[in-house]
Amino acid sequence: MSQFNGDLQDRVVEVPVEPWKREDFLEIARKGESELNIAFDPSVIDKCIDSSFNSVGVYQELLKVTCRIAGINNKQQTTVAIDNPDHVDAAIVEKTEYYTGRHLRNLESIASGNGSVIQSDKPLPFFMPYYIIIALLELGFDGINGGVSKDTLMQKIKPNHHRSDALKGSHLTSALKKLTELQSAKGITPPVLAYDSNTRMLKIIDSTFYFYLKNANLQDAIEDIVNPVDCVDC
């Protein structure tokens with residue numbers, strides 16, 4: 001709010017609803033156990049927690065799919081143990097495939113930008129949204145967990161940019177500031193990425209995107225996203 005409404009600076013206080021504590025995740029599992037008359041093995045719960053990246057929504061989905069793969073679709077007559085780690089692995093694969101479809105479409109939409117006009121008598125546009133997305137995918141989960149600085153993005157983008165000599169930090173800053181507007185124009189709701197001008201950090205605000213980055217084949221995604229430079233003469 002303060003980023004887009006400067007007069008609110010020092011007048012608003014952040015009230016975080018996260019992080020969820022481990023006890024909160026355990027309580028969710030306990031409630032599910034009582035509703036379905038099942039018993040999760042601690043190793044199953046731990047794996048689902050570790051794979052959820054502190055997202056309650058992802059955690060619940062992993063528990064749900066694990067139950068379904070284990071053959072649990074309703075309340076059991078007698079207590080059934082959910083203790084097969086292979087069922088959790090299968091749930092992670094299934095949710096990765098599910099999230100991959102949505103996030104790849106979103107990434108392609110963002111990378112395509114806002115339709116930069118190409119003029120024969122002028123240099124090619126900088127196509128910054130494309131380079132930002134490719135940089136994020138190349139950095140991967142470990143590289144952007146918790147956010148990535150503008151300087152890190154610049155270091156990643158500049159060596160591979162088609163106009164590297166002319167590329168300046170202001171070009172990247174301008175593109176980062178327009179990401180929220182671009183995602184809105186593309187119908188991406190909720191948005192996946194947001195740039196904080198105060199900290200100069202690009203942050204992920206969709207927790208399922210972390211899950212995607214951790215488990216998906218990001219090299220395939222990089223190859224699937226069209227490089228606008230390659231389409232200039234198409």
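Is Asp-89 buried, partly exposed or exposed? Asp-89 is partly exposed, with a relative accessible area of 32%, where buried means under 20% relative accessible area, exposed over 50%, and partly exposed in between, computed with a 1.4 Å probe on protein chains only. This is a predicted model, in which local features need pLDDT of at least 70 and side-chain atom pairs count only at pLDDT 80 or more, while totals for chains, interfaces and linings use all residues. Residues are numbered from 1 along each chain as its sequence is written, and side-chain values use heavy atoms, with hydrogens and water left out.

Asp-89 forms a salt bridge with Lys-47, the closest N and O atoms being 2.4 Å apart; the term stands for a side-chain nitrogen of Lys or Arg within 4 Å of a carboxyl oxygen of Asp or Glu. Because Lys-47 belongs to helix 2 (residues 42-50) and Asp-89 to helix 4 (residues 85-111), the pair ties together parts that are 42 residues apart in sequence; helices are DSSP runs of H or I with at least four residues, numbered from the N terminus. Lys-47 is likewise partly exposed, at 30%.

Salt bridges that share partners join Glu-61, Lys-64 and Lys-95 into one network.

Technical notes. Helices (H or I, at least four residues) and strands (E, at least two) are DSSP runs, numbered from the N terminus.
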